[in-house]
Amino acid sequence: MLTLFHHPMFASCRFVRLAFGEYGEELALIEEKPWTRRKEFLALNAAGTLPVLLAEGDVPIVGASVIAEYLDETRGVLKREKRLFAEDLVERAEIRRLVDWYLTKTESEVTRHLVRERVLKPMMAEAQGGGSPDSGAIRAARANIRQHMKYTNWLAGTRHWLAGPRITYADLAAAAAISVLDYLGEVDWRDHNAAREWYTRVKSRPSFRPLLGDRVRGLSPVSHYADLDF
């Protein structure tokens, strides 16, 4: 069994867990608090970032997109119609674009700030960057949510899955990011019916069940978080 160093509220880590779940691969999970800069973890990844996969031979594979490529090359190519990448080069480019959208753009404009201010700061010592939440950062992130949900709603309303006719890494990246926001109660689903229907389909998949059981100490999820028919 491979080992994943992760944090349950990092979208990039959720993305990797979903991908392995879709392929029926079990992962040993080690929750890492990267702000502590633990020496043993830094020996695996000098950048101190998550996620890190300890792959065959205990070789560290660093970063969500890198892990996804590794997973595709070692498992995905054998999955045929269940492969999370497309065979067509143009379709693969679109999948990569959307993975980057949700794990980079959404992360930098929304998810990172809400997780840091609402989840991480209360856990961190002052010397590590902890303290009172920055209300300005929270307001700015919340102002950006609508743009990302509107775009997701458009994708879900014009395609069967976000990148095309079947589920791919693009759906998992989007679901990973949105699930973090949903846990925090930051998504207003009333104006995004297509996105809601798409998210319900992803949320109902077996790979998603472990995420629905995630809990953060001192911060319970919104009431509908684990409800498959919300």
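The structure is a predicted model, in which local features need pLDDT of at least 70 and side-chain atom pairs count only at pLDDT 80 or more, while totals for chains, interfaces and linings use all residues. Residues are numbered from 1 along each chain as its sequence is written, and side-chain values use heavy atoms, with hydrogens and water left out.

**Domains and buried area**
- The protein chain is divided into domain 1 (3–82) and domain 2 (89–205), with bounds that come from an automatic or database domain assignment, and their C-alpha centres lie 19 Å apart.
- To the contact, meaning heavy atoms within 4.5 Å, domain 1 brings 21 residues and domain 2 brings 24 residues.
- The two domains bury about 1,800 Å² between them, 68% of it on carbon and sulfur atoms, where buried area is the accessible area (1.4 Å probe) that two parts lose on being put together, summed over both.
- On the side of domain 1, M9, F15 and W35 lose the most area to domain 2, together 38% of what that side buries.

- Three salt bridges are found across the interface, each a side-chain nitrogen of Lys or Arg within 4 Å of a carboxyl oxygen of Asp or Glu.
- A salt bridge joins the side chains of E69 and R96, at 3.0 Å from N to O.

**Elements on the domain 1 side**
- Helix 1 (11–22) and helix 3 (64–74) are the elements that give two or more residues to the side of domain 1 touching domain 2, the helices being DSSP runs (H or I, at least four residues) numbered from the N terminus.
- Helix 1 gives the most to that side, with seven residues.
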